[in-house]
Amino acid sequence: MNSGMVYNIQRMSTKDGPGLRTTVFLKGCPLHCLWCSNPESQSSHPQLMCFENLCTSCGACEKICPHRAVIKTEKGFNRERSKCKDCGLCVDVCPSKARVMSGQLMTVKEVMDIVDRDNIFYANSEGGVTFGGGEPTAAGDFLIELMQDCANKGYHVCVDTCGICNMRQFRKVIDLANLFLFDCKHMDPQEHRRLTGMDNVIILENLHQVLNSGKDVHIRIPLMPGLNDSEANIKAIAEFLRPYGKNEVDILPCHAFGASKYDALRIPRPSVEAYSPETLQTVLKRFKENGLAVTIA
């Protein structure tokens, strides 16, 4: 049985597909988007996160750390990233839960034991299970086994993906999914590489695959000021979708909700800023002018 890295399982979710759902967040993503609001999801390994606002300065972490990676700051105790091995010993002794580990190796059975707890709610609300990330397809056969188990039990399966996946593997995902929440970050390959670290050649091929599959696909656009909200990019999205008869997109406007996570990981915050209401309305008009109906997700 395969195992994989999971960084969160959110029960009774209403934001990741229809009805009441359990969302399984798998850790690891090949992309490194400049605006990522979940930086703890990028690495496929467990990571220590230190939330200084919760620290009571008791010093328990400093006493137990075998690598002398704990440092004193103005707000409490944190860590020196170059010395920290993400061993998690300090997490076990922290009384205020200021230190947490992001990422736990779980088997398919362990995940499904949690998923199955709410099966009655899936049935009564036309809900189901959503697999997100990170990038869930990066989990390989671990994701496939989870999806197969859900399909065998009659659960509605949604995959929240950016489509950066081997095309042969992605066909397996398509076969088992009922719904896709598919991120479109930028249509130009070079700009996509600049913004995310990789081009979008495979992504667009997989988007072709899923749009041709007959499965339910919701196109989602993480909208970032000055990065992917230009007239040219919005027009390119509309032209790509038009042959498939799709003119509806879900917009995820830039926000700063992930700032505390960057601080907890001791890495620099993104330099993007949220839209003003006026600027956002100006950008949304570009979608309408290109024949795209917008829903703010």
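The protein chain has eleven helices and 13 strands. Its radius of gyration is 20 Å, close to the 19 Å that the globule rule gives for 297 residues, so the chain is as compact as a globular protein of that length. Keep in mind that this is a predicted model.

**Overall build**

- Taken along the principal axes, the box filled by the C-alpha atoms of the protein chain is roughly 65 × 45 × 35 Å.
- Of the 297 residues in the chain, 48% are buried.
- Take the contacts between residues at least 6 apart in sequence: 69% of them join residues at least 24 apart.

**Surface and charge**

**A buried arginine**

- Arginine 220 sits in strand β11, which runs over residues 216–223.
- Is arginine 220 buried or exposed? Arginine 220 counts as buried because its relative accessible area is 10%, and the cut-off for buried is under 20%.
- Leaving aside neighbours within four places in sequence, arginine 220 is in contact with Asp160, Asp183 and Asp250, along with Leu181, Phe182, Cys184 and Leu252.

- As background, most residues other than glycine have a negative phi, and most peptide bonds are trans.
- The peptide bond from glycine 133 to glycine 134 is cis, with omega near 15°.
- You'll find glycine 134 in the loop between β8 (128–132) and α5 (141–152).
- Aspartate 86 isn't a glycine, yet its phi is positive, at about 55°. Look for aspartate 86 in the loop between β5 (77–79) and α2 (89–93).
- With a relative accessible area of 26%, aspartate 86 is partly exposed.
- Lysine 97 isn't a glycine either, and has a positive phi of about 60°. Where is lysine 97? Lysine 97 is in the loop between α2 and β6 (99–102).
- Lysine 97 is exposed, since its relative accessible area is 56% and the cut-off for exposed is over 50%.

Technical notes
Residues are numbered from 1 along each chain as its sequence is written. This is a predicted model: local features need pLDDT of at least 70, side-chain atom pairs count only at pLDDT 80 or more; totals for chains, interfaces and linings use all residues. Side-chain values use heavy atoms; hydrogens and water are left out. Helices (H or I, at least four residues) and strands (E, at least two) are DSSP runs, numbered from the N terminus. The radius of gyration is taken over C-alpha atoms; the globule rule is 2.2 Å times the number of residues to the power 0.38. Buried means under 20% relative accessible area, exposed over 50%, partly exposed in between (1.4 Å probe, protein chains only). Contact means heavy atoms within 4.5 Å.
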